[in-house]
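Trainee: I'd like to learn how to read a structure like this one. Could we go through it together, feature by feature?

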Amino acid sequence: MWFSKKNRVDEVVKQLAHSPDFMCRRIECKGKAVSVLFLSNLINHAHLQQNVLAFIHEQEHISIEQLASCLPLGAVRICETEQEMASYIRDGWAGIYIEKEKRGLVVNIAEKVERSLEKAETESLVLGPKMSFTESIDTNIRILRQNITDQKLVTEKMTIGVRNPLDVRVVYIEDIADQTNVQTVKQRLAELRIDEVIDSSVLAQLLDDHAYTIFPQYLLTELPDRLAYSLLKGRIGIFVDRSPTVIICPTTFFSFFETTEDIYLRWTMSTVLRAVRMLGIFASIFLSPLYVAVITYHYEVIPSALLLTIGESRSRVPFPPVIEALFLEFMIELLREAGARLPTKVGQTMGIVGGIVLGQAAVDAGFTSNVLIIIVALSALGSFTAPSYEMGATIRILRFPIILLAALWGLVGIFIGVSLLLIHLLKLTSLGRPYLSPVYPFRLADIKYALIRLPQKFYSERPKTNRPQNSRRFSWREAMKRKDLDE
Amino acid sequence: MMKTPNERLSVNAYLVFFLVHTAQMGLGIVGVQRVIFVEARQDAWIAVLISGLWIHLIVFVICQTLKLSEHDNIFSLHTFVYGRVLGWIVNAAIVAYFLMAYTSILLGYVEMALTWMYPDFPLWGGALILVLLTVYALYGGGFRLVAGISFLTFFMTIWIVVVVFQPLKYAEWIHLLPILEATPKQMMNGVLKTSYTMLGFEVLYIIYPFVKEKERVHRYAQLGVLLTTFLVAAVTVVAIAFFSPKQLDVTIWASLSMFTIVKFSFIERFEYIVIPLWLLVILPNLLLFMWAMTRGGKALFRVKQKYLLFVFGCLSFFVATLFKQRATINEFIDQVGWYGFWLSFVYPFFLYVFVRMKTWAKGSAK
């Protein structure tokens, strides 16, 4: 019997033998041999010394049960098998075996590497909280709990990945979020059979309803206030360990064009700004195709005064409009991509200089017309107004097939593109919920959430699109009560 | 009997308004003015109104028919009334009518687009694109998508109505006088010629089971028809006032020709925008008729709708390629209008009587 217990330590040692930082510290204590096992790179050494080693030394009588109940540490667990022990040690816990005892003990003295909280980079705001999520799930949950103190907040733990298990938390507010949605999310997560997931954006793709589409179906955000807002409106969030972005679902097409700033600004401003954004995005998709279609097929549409200007600027261009447009669009994409890959400071200079120099040179050399440069620059600007990076990228790519359709069949081609787009968007769902909601299926009450903003007193109900169990926020009647002149 | 679709597939009643209206709106309204004007002269707009009234009556009859028995669509009604064999034949005729209607819209649009904008493009190419568009939409889409498309395209195109008022600057209202000069026969012919433009409401027979609140279908269908009648009458009045009688006699696409004088500071020839935009007007037509066809086909052959989609798509493309000239296409459209007139303007009354008799006979047999 004694022999086999001795082997338990060796068994764990064998499993972790390939890690040079693995330590097995044996100490004699009251005549018993105590082994403390840990990976030295992962743990907090101060903790180990003060709370584990020193504590063991002070004990009068030593056993696993006694240690488990007395150790001055938060997370202490008793392990039955060597595999369990080894996996805890790999997470940065320390394992303890005592001579002649069958079971082992693990204590959490891990020290995880993480960066400090920073300002949000990809979703930058002018107003409102600036903090963004980090790579550590524990910190992220902490931030969320600070944002939402509602007692109905649920953070359910799930693990994904066979080879490299990943901690995933499904968060929602129990009496607001639709239970069917919660079930769907949990079921999809549970049904994932995959060996590893690297990031939340990958998980979002794995959870997609439709793989063959360029439209993102889940919102990824790094802003705690955006997540808090979405949860309180009945959506579900998915935290993924090691990832600074949180998945929000179910998502509609229009939520990709919202920012939290729309809520922080006064309603008149945010309505106008939202309209500007929508218009910009619309222009971004259709301006260059329109140029191609009109110049190639229907120059009759252009008023004569404008036609002169365009004709003059195009007079030196030897290519058909499609080639011209594709060339310029490609150039802009190239600049953007180069700017994204280069270090920040170099990247910006590159972008501006490259844009101006290349653009000007292209016109001088007679490759493109001035008018097209304006159009392409405008549509590039338009695509950057999309608050979601994913949607911005989608819009940039969407332009190309429509340019081709415009080159093939002119304006009719563009409208074929529009029809295809409409049909496609109508077919899409996110978590089984219609993607184009609240426009179709039409919900008038939700238009104030998705397309425009109204004064705060109109937001007495949560958006129906999310199917909240409890849609009432405050009493509409009280908010709308009118007062007499001198009351 | 076909299964009633479940809750998930059905739509709200208000969508019936959009479905009926967009099913009616289509190519007709682009050139209906000349066709009626040739028959009823300056009283053409009265003919439109009469035909509109008639349709209101028919919509009422259709809704009554569908309420009479547990059969809530035309295909199972036919089997119920005529029995297995005869019912099958009548259903096949209905499907054939939808096929023809679909093809006529296809041809009409392609032909219009080619004449105005792309003289060199082959007709079959345009037809192929539209057929592919329909098949892509319905494959994996189904009825909810059709309803969605009619809802969205309605709002994307209805603003054109505002532009129609611009030609009114040049209107000569004297052209409308004297009123009620047309003889009853002329007026009758006028009404008959309006039918092709107003067709489409017969899809009520098929969409009915897909609506959640059955008791409100009738109201919304009537509203849809009302809007169509109003719009067709309005463009007819405007066209009569805008063109001189001799001009209107030879203007095939009167609405489009009126748009040629519409100008914005950034758009010179407005009709060049309208023709491509009209794709969005006919899209719900194409989808609805194709969908109706596949529903009918399912009742006939008991085959899955998605397979029938390809069969009917190929078939209508094949039929479309048979036509080469404008004259034959026009004849074909007139033919469809003629069948449509009998099927949608007259037959519903008979069907109502038959169903009434059958249910009565069945009830007394028990």
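This is a predicted model: local features need pLDDT of at least 70, side-chain atom pairs count only at pLDDT 80 or more; totals for chains, interfaces and linings use all residues.

Trainee: What is the peptide bond from B:Leu177 to B:Pro178, cis or trans?

Mentor: As a general idea, most residues other than glycine have a negative phi, and most peptide bonds are trans. Here the bond joining B:Leu177 to B:Pro178 is cis, with omega near -10°. Chain A has a cis bond too, from A:Ser437 to A:Pro438, with omega near 5°. A:Pro438 belongs to the loop between β12 (433–434) and α16 (444–450) of chain A.

Trainee: And phi? Which value does A:Arg242 take?

Mentor: A:Arg242 is not a glycine, yet its phi is positive, about 70°. You will find A:Arg242 in the loop between β9 and β10 (246–249) of chain A. A:Leu431, also a residue other than glycine, has a positive phi near 60°; its place is the loop between β11 (429–430) and β12 of chain A.

Trainee: Is A:Leu431 buried or exposed?

Mentor: Count the neighbours. A:Leu431 has 21 C-beta neighbours inside 10 Å, so it counts as buried. A:Arg242 has 17 C-beta neighbours inside 10 Å and therefore counts as partly exposed.

Trainee: Back to chain B. How many Å should helix α9 span?

Mentor: α9 of chain B (residues 184–198) has 15 residues, and at 1.5 Å a residue it should span 21 Å. Its end C-alpha atoms are 20 Å apart, which agrees. Just after α9(B), B:Gly200 takes a positive phi of about 130°.

Trainee: What do the buried residues of α9(B) pack against?

Mentor: Among the buried residues of α9(B) are B:Gly190, B:Val191, B:Tyr196 and B:Met198. The partners of the buried set are α1 (14–24), α2 (28–40), α3 (44–68), α11 (217–242) and α16 (326–365) of chain B.

Trainee: How should I describe a pair of packed helices?

Mentor: Two packed helices are described by the angle between their axes and the distance between the axes. In chain B, α4 (residues 74–82) and α5 (residues 84–116) pack at an angle of about 145°, with axes 7 Å apart. The crossing of α4(B) past α5(B) is right-handed. In chain A, the axes of α10 (residues 267–296) and α15 (residues 389–427) come within 8 Å and cross at roughly 30°. The crossing of α10(A) and α15(A) is right-handed. The residues in that contact include A:Ile281 and A:Phe286 of α10(A), and A:Ile395 and A:Leu398 of α15(A). By class, the contact of α10(A) with α15(A) has 15 nonpolar, five polar and one charged residues.

Trainee: How many residues of chain B are in contact with chain A?

Mentor: There are 25 residues of chain B in contact with 19 residues of chain A. On the chain B side, α6 (123–138), α7 (143–157) and α14 (271–301) each supply at least two residues. The largest share, seven residues, comes from α14(B). That side of chain B divides into 19 nonpolar, four polar and two charged residues.

Notes
Residues are numbered from 1 along each chain as its sequence is written. Chains are lettered from A and ligands numbered from 1 in the order in which they are written. Two residues are in contact if their C-beta atoms, placed from the backbone, lie within 7 Å. Helices (H or I, at least four residues) and strands (E, at least two) are DSSP runs, numbered from the N terminus. Ala, Val, Leu, Ile, Met, Phe, Trp, Tyr, Cys and Pro count as nonpolar, Asp, Glu, Lys and Arg as charged, and the others, Gly among them, as polar. The expected span of a helix is 1.5 Å times one less than its number of residues. A residue is buried if 20 or more other C-beta atoms lie within 10 Å of its own, exposed if 12 or fewer, and partly exposed in between; C-beta atoms are placed from the backbone. Axes are lines fitted to C-alpha atoms, for helices over the stretch in contact, and angles run from 0 to 180 degrees between N-to-C directions. A crossing is left-handed if the near helix is turned anticlockwise from the far one by less than a right angle, and right-handed if clockwise.
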